[in-house]
Amino acid sequence: MCSPSATLTVWASSWLAGRSAPDDVLAALHAWAPRHTIAAGDPLAGGRTDLPWSAHGSLPGSGVMALLKVIRETMAQPGSQLRLVLPVPGDVRGVPAGTAFAADAIAAEEGILIGVPGTDGTGLIPQWAEEATLQWTVYSTPIPAAAPGPDMSLGEAEYAMREAVRDAADALMKLHTTALGTAESDPRELIEAELADYSRHDYPGSIPLRARRILDTADHVAAILTVAQREPASAPTSASAIGAQESLLRPLWDAIRAARLVAVHASARESH
């Protein structure tokens, strides 16, 4: 699983549909961090949820249970949706522009929107408070009317990820071929280590098989790209080299985000 927000989106959807227990959601989140806290990101959210405002601290201990309570209460409104967002500078699809939620979600490169599209709802963003603590901040925010992500089917997303595996491998080879120096580590071992980190995170049994394949393949592509960026042999040595690496890898990261959004949202819909 690519992020705490993706984990919470698929597991909370399965829980709300009665296909998973609250303890299953807790176990999935604890794979990210042993301790979760929760706080309101603005006074309005604090007043609506009775959570401490983040400027004045956070609710310790039972953070995950308080988080599930916020999700359940928000999703109780007919027509509510649970949406994952994975914004980055230059690609802020699905995020309500000009909001505190948007600014913090772009900084975190992830978040969740909950509510009825076109109305005011709730936003969630996880951030590392310290190495073993993940703090979830709750926002009052508009929910965009349009669904995030490109108009892509699961079949199209699966095909795009199969193509991306080949393109990522070609990019890794090209970066290593053109770089100065030699790598001390075998890229294949580094990729396997990255994949092992992804594999620590389980999926609900209710997730569609094709969506799981897409998410697994996206993790594979992401592992290759991470190694391509971090390996000493592929480290850019000039401004032009940095630009070349960016132009080579950025489209693949964009494809990964698009495929992950399609797969996670399909999983959330399937759970209901």
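Let's start with the parts list: the protein chain has 9 helices and 5 strands. If you read along the sequence, the pattern goes α-α-β-α-α-β-α-β-β-β-α-α-α-α. Before we go on, keep in mind that this is a predicted model, where local features need pLDDT of at least 70 and side-chain atom pairs count only at pLDDT 80 or more, while totals for chains, interfaces and linings use all residues. Residues are numbered from 1 along each chain as its sequence is written, and side-chain values use heavy atoms, with hydrogens and water left out.

How much of the chain is tucked away? Of the 272 residues in the protein chain, 49% are buried. Buried here means under 20% relative accessible area, exposed means over 50%, and partly exposed is in between, using a 1.4 Å probe and protein chains only. Now take the contacts between residues at least 6 apart in sequence: 70% of them join residues at least 24 apart. A contact means heavy atoms within 4.5 Å.

Next, find the sheet. The 5 strands form an open sheet in the order β1-β5-β4-β3-β2, with mixed pairing. Two strands pair if DSSP finds at least two bridges between them. Which strands stand at the edges? They are β1 (35–40) and β2 (81–85), and each has a single partner strand, so one side of each is left without a neighbour in the sheet. From one strand to the next, the twist averages 25°.

Zoom in on β1 for a moment. This strand is mostly covered, with 5 of its 6 residues buried. β1 pairs with β5 in the parallel sense over 6 bridges, and T37 stands opposite Q135 in β5. Elsewhere in the sheet, strand β3 (residues 111–115) and strand β4 (residues 120–130) run antiparallel, joined by 3 bridges. There, L113 has G123 in β4 as its bridge partner.

What lies across the strands? Helix α4 (residues 63–75) lies across β1, β2, β3, β4 and β5, and it runs at about 50° to β1. These angles run from 0 to 180 degrees between N-to-C directions, and axes are lines fitted to C-alpha atoms, for helices over the stretch in contact. Look for A66 in helix α4: with a relative accessible area of 15%, A66 is buried. A66 and A39 are 27 residues apart in sequence, and their C-alpha atoms are 9.6 Å apart in space.

Helix α1 (residues 4–16) packs with helix α2 (residues 22–30) at an angle of about 170°, their axes 9 Å apart. Where they meet, P4, T7, L8, W11 and W15 in α1 face P22, D24, V25, A28 and L29 in α2.

How many aromatic pairs turn up in a search of the whole structure? There is 1. The rings of F101 and Y139 have centres 5.7 Å apart and planes at 80°, so this pair is edge-to-face. Rings of Phe, Tyr and Trp (its six-membered ring) pair if their centres lie within 6.5 Å, and planes under 30 degrees apart count as stacked, over 60 as edge-to-face and the rest as tilted. The pair links distant parts of the chain, as F101 is in helix α5 (residues 100–108) and Y139 is in strand β5 (residues 133–142), 38 residues apart. F101 counts as buried at 1% relative accessibility, and Y139 does too at 3%.

Finally, visit two loop residues. D50 sits in the loop between α3 (43–49) and α4, and its phi is near 65°, a positive value in a residue other than glycine. With a relative accessible area of 70%, D50 is exposed. E109, in the loop between α5 and β3, also has a phi near 65°, but E109 is partly exposed, at 46%.

Conventions
Helices (H or I, at least four residues) and strands (E, at least two) are DSSP runs, numbered from the N terminus.
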